[in-house]
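This report describes a protein chain from its overall make-up down to single residues. The sequence and the structure are shown first.

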Amino acid sequence: MIYLELFVTFFKIGLFTFGGGYAMLPLIEQEVLSHGWLTAEEIVNFIAVSESTPGPFAINISTYVGVETAGIPGAFMATFGVVLPSFVIILIVARIYEAFRKNRVVKGCMTGLKPAVVGFIGAALISVGSAVFFPDGVSASVFTSPAFCVSLGIFAVSALMAVKKLHPIIIIAFSAVVGLIIGFAAPGLI
């Protein structure tokens, strides 16, 4: 039963989310928390791990939730569920590409979806940010905490590196190294 539940849940996530991993995050978070498969803290931790590992976010998190919930078969079912809708839609679109591309209704639908995707990514930013920086509610002390200052510093340097057009792998590696150094040098800081 858990295998079918994982498949159906992640199939629904894959079917109803446009815009990739970050746009999926609010739906993934809602579904995973409502089923009790992970805690909010585990989701935030896995987002960090997922962004430091190869592969698409949706596949990484579905595989992780599946393996944590029901082992290797659970990982397979959750991953298959999240991938199947996109696979089928891409096959259909590829088959009728010319008609699909020029259709006014489809063009209008895609134009309308773009702001929704930006909104989903913004919602993911707020959700993850509040879980990381405000787990016990908003207070002024959060803005002076060492974890906030370190995160803000890493963000500022990463943003500067991005503006300078450094490769994203360098930015990810830099952030991971700084986080490791701070984690080992001052474990209570983060």
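## Overall make-up

Helices (H or I, at least four residues) and strands (E, at least two) are DSSP runs, numbered from the N terminus. The protein has eight helices and zero strands, and its pattern along the sequence reads α-α-α-α-α-α-α-α. Taken along the principal axes, the C-alpha atoms fill a box of roughly 55 × 45 × 30 Å.

This is a predicted model, in which local features need pLDDT of at least 70 and side-chain atom pairs count only at pLDDT 80 or more, while totals for chains, interfaces and linings use all residues. Residues are numbered from 1 along each chain as its sequence is written, and side-chain values use heavy atoms, with hydrogens and water left out.

## Burial and contacts

Relative accessible area (1.4 Å probe, protein chains only) sorts residues into buried at under 20%, exposed at over 50%, and partly exposed in between. Of the 190 residues in the protein, 27% are buried. A contact means heavy atoms within 4.5 Å. Among the contacts in the protein with a separation of 6 or more, 56% join residues 24 or more positions apart.

S62 is found in helix α4 (residues 57-95). With a relative accessible area of 0%, S62 is buried. Residues up to four places away in sequence aside, S62 touches F10, A78, T79 and V82.

## Aromatic pairs

A pair of aromatic rings is described by the distance of the centres and the angle of the planes. Rings of Phe, Tyr and Trp (its six-membered ring) pair if their centres lie within 6.5 Å; planes under 30 degrees apart count as stacked, over 60 as edge-to-face and the rest as tilted. The structure holds five such aromatic pairs. One of them joins F10 and W37: the ring centres are 6.4 Å apart and the planes stand at 15°, so the pair is stacked. F10 is buried at a relative accessible area of 0%, and W37 counts as buried at 12%.

One aromatic cluster is formed by F7, F11, F76 and F80. F11 belongs to helix α1 and is partly exposed, with 27% relative accessibility. Beyond its neighbours within four places in sequence, F11 is in contact with G81, V82, L84 and P85. From F11 to A78 the sequence separation is 67 residues, and the C-alpha to C-alpha distance is 7.7 Å.

## Salt bridge

A salt bridge is a side-chain nitrogen of Lys or Arg within 4 Å of a carboxyl oxygen of Asp or Glu. The count by this rule is one salt bridge, in which the side chains of E31 and K12 meet at 3.1 Å, N to O. This pair links distant parts of the chain, with E31 in helix α2 and K12 in helix α1, 19 residues apart.

Residues up to four places away in sequence not counted, E31 touches T9, K12 and I13.

## The largest pocket

Rolling a probe the size of a water molecule over the atoms shows where empty space is left. On a 1 Å grid over the protein atoms alone, a cavity is a set of points where a 1.4 Å probe fits but cannot get out, and a pocket is an open set with protein on both sides within 12 Å along at least five of seven lines; lining residues have an atom within 4 Å of a point. Grid points are joined across faces, edges and corners, and a volume is the space filled by probe spheres set on the points.

The largest pocket has a volume of about 1800 Å³. It is lined by 40 residues, of which A48, V128, V132, S151 and I154 are the closest to its centre. Two or more lining residues come from each of α2, α3, α6 (104-133), α7 (146-163) and α8 (168-185). The most come from α7, with nine residues. By class, the lining has 27 nonpolar residues (Ala, Val, Leu, Ile, Met, Phe, Trp, Tyr, Cys and Pro), three charged (Asp, Glu, Lys and Arg) and ten polar (the others, Gly among them).

I154 sits in helix α7 and is buried, at a relative accessible area of 17%. Leaving out residues up to four places away in sequence, I154 touches S175, V178 and G179. I154 and S175 are 21 residues apart along the chain, and their C-alpha atoms are separated by 6.3 Å.
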